[in-house]
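Morning, everyone. Please bring up the sequence and the model, and keep both in view while I talk.

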Amino acid sequence: MREERFGQMPHEIPRDQKDWLWLKFRWLFLRGHPYYGSIDSTPLWVIAVAEYVRQTGDIDFAIRMQRPLERAGVWIVEKMHEGDGLVRYKNKNRWNLAQHSHQGWKDGMRPSDGLAALGIKEPIALVEVQGYAHRALTELVHLASYAQAMREDVIINDTHVKKVRALAEKLKHKILDEFWLTDKQFFALALDGDNKQVPIITSNAVHLLWFGVVEINDMYGRRMLRALTSEAHLWTEFGIRTHSASDNYFDAESYHLGSVWPWEQWLLCEALRGTYYGAILRRTRRAAILGLALVGGNDEVYTVSEDG
C-alpha cells in the first residue's frame, strides 16, 4: 500500500499533531503511512540538497548525505530504465489519495479538480518531472565534482559520474524531441502509457525554464512565452493559470485545471531574471502580488474568473 522503493523520498510526513492524526487515519484505513506515492519528491530532494550546498558551501553536509544521494540517484536511474528513458509512474495503491490523484504536484483528490479528469493512460511521464530528473542528475555530477575539489572526497566515482552526465544529456534531448507540440509551440503536459503526447498547454512546462532544461532565450523558451503571456491560454492579470483557458477541460474554479498558484509565478520570475525579458518579469511579479493582496496574502492557490 505504501508504494515504497529503495532510495525514494516519501510523499509527505507529519509536521504537527493534526497532520499526524490525519496521516494515521489514512495509514489505518486507506493506504499506509508514510506514503511514498510521489514521482517528484526524490529528484526535488536531490535538487534541494545541491542548492543548499551551493548557497552555504557546507561540503560536510554533502558528504554526510552521500549514501542518501547515491540511493536517490539509483532510484531516478532505475525509473528511467523502466520508463524507456523517462521517469514514469503508475499507481499501485487502489486507495491512492482517494483513488483520484496523480503522483506529480497536481495531485488533487477530487476527480473534477485535477489530472484524473483527463483520463491519461498509465504509466505517465509528466513533463515537469523529466525536468526535475534532469536537474537532479546534473546536480549529482556537480556535487561529486565539488566534493572532490574541496575535500578529495568521493560522492560518486568517476565512472558513475560519466554515466550520470550522459543520462542527463540524453534525457534533455528526449524532453525536447518527444514533448514538444509543433502545432501549439509549447510542451505537452505528459506522455501517456502508449507514449502519446497529452497535447494540453499547462503551467507544468514552466518548470522546465527554472530547472534549466529550456533556456528562456532559446527557440523553445521564446515560443513558450507567447502562450504564457496569452490570455487565450495561461495569462491573467493576477498570474499564470495552471491550465489553458482554451482547453475543453479548463475550469477556472478548479484546484488544478485553471487556478493560479503563487509559487509557480515565482518559478517564472526566477527563470526570467537576468534575461532580456525584464518587462514580462515585472508584469508577472505585479500580477502575483496583486492576486495575493486581493486574497489576503497567504493562500497557496486562488482562482480567477474567466472574465478576469
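Salt bridges come to mind here, and a search of the whole structure finds seven. The term means a side-chain nitrogen of Lys or Arg within 4 Å of a carboxyl oxygen of Asp or Glu. A word on the source: this is a predicted model, where local features need pLDDT of at least 70, side-chain atom pairs count only at pLDDT 80 or more, and totals for chains, interfaces and linings use all residues. Residues are numbered from 1 along each chain as its sequence is written, and side-chain values use heavy atoms, with hydrogens and water left out.

Which residues are linked in a network of salt bridges? They are Glu51, Arg54, Arg135 and Glu139. Let's walk through it.

Start with Arg54 and Glu51. Their side chains meet at 2.6 Å, N to O. Both residues lie in helix 2, residues 41-56. They sit three residues apart, about one turn of the helix. Helices here are DSSP runs of H or I, at least four residues long, while strands are runs of E, at least two; both are numbered from the N terminus.

How covered are these two? Arg54 has a relative accessible area of 43%, so it is partly exposed. Glu51 is at 25%, so it also counts as partly exposed. The cut-offs: buried is under 20% relative accessible area, exposed is over 50%, and partly exposed is in between, with a 1.4 Å probe and protein chains only.

The side chains of Arg135 and Glu51 form a salt bridge at 3.7 Å, N to O. This pair links distant parts of the chain. Arg135 is in helix 5, residues 127-151, and Glu51 is in helix 2, 84 residues away. Arg135 is buried, because its relative accessible area is 14%.

Arg135 has another bridge, to Glu139, at 2.8 Å, N to O. These two are four residues apart in helix 5, so about one helical turn separates them.

Next, the aromatics. How many aromatic pairs does the structure hold? Ten. Rings of Phe, Tyr and Trp (its six-membered ring) pair if their centres lie within 6.5 Å; planes under 30 degrees apart are stacked, over 60 edge-to-face, and the rest tilted. One of the pairs is Tyr52 with Phe61, edge-to-face, at 5.1 Å centre to centre and 75 degrees between the planes. Tyr52 is at 36% relative accessibility, so it counts as partly exposed.

Tyr255 and Trp261 also pair edge-to-face, at 5.2 Å and 65 degrees. Tyr255 is partly exposed, at 29%. Trp261 is buried, at 6%. Both belong to one aromatic cluster, along with Trp105 and Trp263.

Over to helix 6, residues 158-178. Ile175 lies there. Is Ile175 buried or exposed? Buried, because its relative accessible area is 0%. Its C-alpha atom is 8.6 Å from that of Phe187, twelve residues apart along the chain.

Last stop, the surface. Arg282, Arg283, Arg285 and Arg286 form a positive patch. Patches take residues with over 30% relative accessible area and no salt bridge, joining like charges within 9 Å and nonpolar side chains (Val, Leu, Ile, Met, Phe, Trp, Tyr) within 5 Å. Lys and Arg count as positive, Asp and Glu as negative; His and the chain ends are not counted. A charge is placed at NZ of Lys, CZ of Arg, CG of Asp or CD of Glu. Areas come from the Shrake-Rupley method with a 1.4 Å probe, and for residues only the protein chains shown count as cover. Arg285 has a relative accessible area of 37%, so it is partly exposed.
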